[in-house]
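Please examine the structure shown below, together with its sequence. The paragraphs that follow proceed from the overall fold to the packing of its parts.

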Amino acid sequence: MASNAIEYINHHLTFWNSNPAPSRGFWSLHVDTFSVSLVLAFIFAGVFAMVARRASLENPGKLQLFVESIIELVDTQVKEIFHAKSKVVAPLALTIFCWIFLMNAMDMLPVDLLPNIAQWVGHTFFGLEPHHVYFRSVPSADVNATFAMSLSVFFCIIGFSIKAKGLGGWGKELLTAPFHTHNPIGAIILAPLNFVFQLVELAAKPISLSLRLFGNLYAGELIFILIALLPWGAQWVLGAPWAIFHILIITLQAFVFMMLTIVYLSLAVEAH
C-alpha cells in the first residue's frame, strides 16, 4: 500500500502499538511482538511436551531424535561451563535457545506475508485502512523484547549469586572485588571503586545480551525489506543466498545468547 520506497520501509519497521500515537502515554505494548512471542512459546512448549509424552526407547521417531539432539547439545554445554549443582540452568538454557531461535526464524518468512494478512484482517473485520495496520513478525528485532529477556537473565544472575554466597557474601563481594586488600583502611578506600566496577559489570551483561541479538536481527530484517523492493528476478538472485546465510545467523545468535547466559550464571556462583 506504500507509494514509494521510504513509506514501504517505514511501514514495515513500525510496530502494532496498543496505544495510538496521539494518545500514547507513559507506556504502550507492541502487540505484534508480544503475540508472536507468545505463540512461538506455546509452539515450543507444545512440541517438546508432545515428544516427551510419546517418547519411545525402542522405536524413536525423527522428531524425537531431533528434540533429543537439541537437549543433548544444551546439556553438554551446561555441564562443561556450569560446574555447580542446579536443576534450573539446563531447562533455562534450553528454553532460551529454542525460543530465541523460533523468534529469529520468523525473519525467514516472506517480508509481506504476515503484514498483508494483518492488513486483510484489519480491513475485513474491523474496517481499518490497510496503511493504518502495522505488523512486525520478528520479535527479536524489537529491542524491547531482547532487553526484557536480558533483564530476566540479569535477575537470574543476581538470584544465583545470592543463593550461592548469601546476601551478606554477595554484598561483601560488591565492595571487595575486583581490587582486594587486607588493610582495613585500604579496603574502605577501595570499596566505592569496587562498587562502581561491579555495577558497570552487572549493567554490561544485560545490555550486551540485548543489543547483540537486536542488532543482528534488525539488520537482517532490514536487508530482507530492501531486497523486497527490488524487481522480482533480483529478489531471487539476492534473496536466496542471503536467506541461506541468514539461517546461520539466526542459529548462531540464539546459541550465543544461551552460552553467555550459562557463562554469566556460572560466574555468579563462583567466589571472586
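The chain contains 8 helices and 0 strands, and its pattern along the sequence reads α-α-α-α-α-α-α-α. The model is a predicted one. Along the principal axes, the C-alpha trace spans about 70 × 60 × 35 Å. Of the 272 residues in the chain, 36% are buried.

Helix H6 covers residues 143–176 and helix H7 covers residues 184–228; their axes come within 8 Å and cross at roughly 155°. Because an angle over 145 degrees counts as roughly antiparallel, H6 is described as roughly antiparallel to H7. The crossing of H6 with H7 is right-handed. In the contact between these two helices, 19 residues are nonpolar, 6 are polar and 2 are charged.

Which residues have the most contacts inside the largest nonpolar core? They are Val-78, Phe-82, Cys-98, Ile-100, Phe-257, Met-258 and Ile-262, in a core of 43 residues. The elements giving two or more residues to this core are helices H2 (31–53), H3 (62–81), H4 (89–105), H5 (113–126), H6, H7 and H8 (232–269). H8 supplies the largest share, with 10 residues.

Apart from neighbours within four places in sequence, Phe-82 is in contact with Val-89, Phe-160, Ile-262, Leu-265, Ser-266 and Val-269.

Key
Residues numbered from 1 in each chain as written. Predicted model: local features only at pLDDT ≥ 70, side-chain atom pairs only at ≥ 80, totals over all residues. Heavy atoms only, no water. Axes fitted to C-alpha atoms, helices over the stretch in contact; angles between N-to-C directions. Helix = DSSP H or I, 4+ residues; strand = E, 2+ residues; numbered from the N terminus. Parallel < 35°, antiparallel > 145°, perpendicular 65-115°, else oblique. Left-handed = near helix turned anticlockwise from the far one by under 90°. Nonpolar A, V, L, I, M, F, W, Y, C, P; charged D, E, K, R; others polar. Core = buried A, V, L, I, M, F, W, Y, C linked by side-chain atoms within 4.5 Å. Buried < 20%, exposed > 50% of the residue type's maximum accessible area, 1.4 Å probe, protein only. Contact = heavy atoms within 4.5 Å.
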